[in-house]
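Good morning, and thank you for the time.

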Amino acid sequence: MYFTEFGFDDELMDSLDAMHFEEATPIQSEAIPVIMDGSDLIACAQTGTGKTAAYLLPVINDILYTEGGNIDTVILVPTRELAIQIDQQMEGFGYYVPVTSTAIYGGNDSGEWGRQRKAIEDGADILISTPGRLLQHITMGYVDFSHVRHLILDEADRMLDMGFFDDIMQVVKLLPTERQTLMFSATMPPKIRDLAKQILTNPKEISIAISKPADNIKQGAYVVYDTQKTPLVKHILHQRKGQSVIIFSSKKQICKELNIILRRAGINAGVIHSDLEQKERENVLLQFRNHNINVLVATDIIARGIDIKEIDMVINYDVPRDAEDYVHRIGRTARAQANGEAYTFVNEKDMKAFARIEQLIEKEVEKLPLPSELGEGPIYNPKSNSPRKAKPQGDHKRGMQKDRNRKNSNCHNNHKHFNKKEKSKES
């Protein structure tokens, strides 16, 4: 479908024309008519399918026909980064329309708290918030949800994985029962369906099959011992000097240590994980986007929902916990028809998990030989409970443990415009 077929308001179409939005993605084509019809919706769609626009556009169009001045829509998200990114998309969609939004997220900046409070008290049309931070504002007594007509849960599976179930339910209990509820999730495990039963009413269901990695991503895997991982990272990065690289690890402690090691090795690296304050994260992302640093070590906090262009390579320092997360991680590269590379380090314990990834993407990932100076790694055998080991060659028992024994330095320590509606529209 084309966006001209949805029946959006002329002002909203002006914004879409300015952003060169012409043809809708599959999730947009299926979800927008359902949302505009007023039905509750549970949609399974991964990051990168256009799901944010799928719910923002019909909600913005609906808000245009209200008087405004009150909180109309609450969007709950798992991370600050996603809240900020959705708010930035709102700026584009709302350029020609009198609809306001604000991002609500945690941090120790008192000025940021004040900005968020003012936006809430002024009645921003759309609040985009992490559950915990929103509850903090609610306890202060100035949040008025009496006019809320839309509740949206984005990346619902990730919010539950992060332990936000109770926070979500506390927010839901404060909202009007007569509302439209939309739930978007990359996966649909039983816990998501249980949540849907509690907060949605006769929902329509849409499932967009998880996309396979783009053909222009060159995928490879190194079968390694843990002690070979860090020397291998150094080897790859020294061969790709100047390229923009994201290195993912599931553990923030690994991220912290690896960042220190790489910087000691003369590699221009930065790190992002949940222990950093929001301003620190934003600063690192800005430096990476501006190519002031070219290697970003990060947890899965930026695997979804963060759009960074011109990433040459993704390295999975460890195999992601969920097979779908592999697609999200390597999808950071090869965007906008560019070429990219993605390499995954598979140790003895992760072989079965990597085999599940290959099953999901319906492709066997090439197992690459290790550099000769690192010796041989384990033999790839995901069907065995105790993989046979190749005889080690050379001095491969070095890497992160060696660096840990050195004296460690501390890890990297280092809106909205609320234009009130000039007019109200009648449907």
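I begin with a side-chain pair: lysine 51 and aspartate 154 are joined through their side chains by a polar contact of 2.6 Å. A polar contact here is a pair of N or O atoms within 3.5 Å; within protein, one must be able to donate a hydrogen and the other to accept it, and residues adjacent in sequence count only if both atoms are side-chain atoms.

Before going further, the conditions. The model is predicted: local features need pLDDT of at least 70, side-chain atom pairs count only at pLDDT 80 or more, and totals for chains, interfaces and linings use all residues. Residues are numbered from 1 along each chain as its sequence is written, and side-chain values use heavy atoms, with hydrogens and water left out.

Lysine 51 belongs to helix 3, residues 51-63. Helices (H or I, at least four residues) and strands (E, at least two) are DSSP runs, numbered from the N terminus. Is lysine 51 buried or exposed? Lysine 51 is buried, because its relative accessible area is 6%, and buried means under 20%, exposed over 50%, partly exposed in between (1.4 Å probe, protein chains only). Leaving aside residues up to four places away in sequence, lysine 51 touches Ile27, Ala45, Gln46, Asp154, Glu155 and Phe184, where contact means heavy atoms within 4.5 Å.

Which strands pair with strand 1? Strand 6, residues 180-185, pairs with strand 1 in the parallel sense over 4 bridges, and strand 7, residues 204-207, also pairs with strand 1 in the parallel sense over 4 bridges. Two strands pair if DSSP finds at least two bridges between them. Cysteine 44 stands opposite serine 185 of strand 6, while alanine 43 has isoleucine 206 of strand 7 as its bridge partner.

Lastly, helix 13, residues 323-330, is mostly covered, with 7 of its 8 residues buried. Among them are Tyr326, His328 and Arg329. The elements covering the buried residues of helix 13 include strand 8 (217-223), strand 12 (313-316) and helix 14 (351-361).
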